[in-house]
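Welcome! Here is a short briefing to read alongside the sequence and the 3D view.

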Amino acid sequence: FSSLALRLIAPLLDAPQGDLNYIATLLIAMAGLTIVGTLLMRSSRAMMARLGQKMMVEIRADYHDSLMRHGLAFYREHEVGELTSIGMNDAEVVGVFFTQQVPFLLVNVGQFILALVFMFSLDWQLTLISIAVVGLLNWLSTTFVVPRMQQLGHGYRKQLATVNGKLTENLSGVRDIQIFTQEDRATDEFR
């Protein structure tokens, strides 16, 4: 691995002095921008955490309002625990997206653009080849891997909703279960 790295870096070390100054300037600029990006990411995480928490509360309140507008037929078709699980999980996913993924995405986009500028300044042909390879890999994963992952995720969410539904119903009726000594039956049905 180290010999490969030395072979890749060797042309840079053999470059004329003017080119080395230019490369050093680019490296210093990249390091400075990385530090600034890290500081911005930390401050944006705090802001996004507050925003994400507010959004989670609003989503859950809107979900509650939506559930209250449905008629009895709706509740005959859907278990209460399933509805609770859907509302809680969806709000949590949105909150996590805004508190963790958005700041990460912003910093990575900035670093990616900076890396492209650096790569184009060193060797534009190699950069174009790299972009083509990354584009091909992205297309392959989007076409073949992502749909399968979405199917697996949908199945997992459905199983989680069922388990949460049964758990919620058992907990809300735990007194009745205990009064009629049906703990074993409820446990067997849950599993």
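What is the volume of the second largest pocket? The second largest pocket has a volume of about 280 Å³. This is a predicted model, in which local features need pLDDT of at least 70 and side-chain atom pairs count only at pLDDT 80 or more, while totals for chains, interfaces and linings use all residues. Residues are numbered from 1 along each chain as its sequence is written, and side-chain values use heavy atoms, with hydrogens and water left out.

**The second largest pocket**
- A pocket is an open set of points on a 1 Å grid over the protein atoms alone, where a 1.4 Å probe fits, with protein on both sides within 12 Å along at least five of seven lines.
- Its volume is the space filled by probe spheres set on the points, which are joined across faces, edges and corners.
- Two or more lining residues come from each of helix 2 (17-68) and helix 4 (80-122), and helix 2 gives the largest share, eight residues.
- The lining has nine nonpolar residues, five polar ones and no charged ones; here Ala, Val, Leu, Ile, Met, Phe, Trp, Tyr, Cys and Pro count as nonpolar, Asp, Glu, Lys and Arg as charged, and the others, Gly among them, as polar.

**The chain as a whole**
- The protein chain has seven helices and zero strands; these are DSSP runs numbered from the N terminus, with H or I and at least four residues for helices, and E and at least two for strands.
- Of its 191 residues, 16% count as buried, meaning under 20% relative accessible area, whereas exposed is over 50% and partly exposed lies in between (1.4 Å probe, protein chains only).

**Aromatic pairs**
- The structure holds two aromatic pairs, that is, rings of Phe, Tyr and Trp (its six-membered ring) with centres within 6.5 Å; planes under 30 degrees apart are stacked, over 60 edge-to-face and the rest tilted.
- F74 and Y75 pair edge-to-face, at 5.3 Å centre to centre with 85° between the planes, and Y75 is partly exposed at 29%.
- W139 and F144 also pair edge-to-face, at 6.2 Å centre to centre with 80° between the planes, and F144 counts as exposed at 54%.

**A look at T34**
- T34 lies in helix 2 and is partly exposed, with a relative accessible area of 33%.
- T34 and N108 are 74 residues apart along the chain, and their C-alpha atoms are separated by 10.0 Å.

Notes
On a 1 Å grid over the protein atoms alone, a cavity is a set of points where a 1.4 Å probe fits but cannot get out, and a pocket is an open set with protein on both sides within 12 Å along at least five of seven lines; lining residues have an atom within 4 Å of a point.
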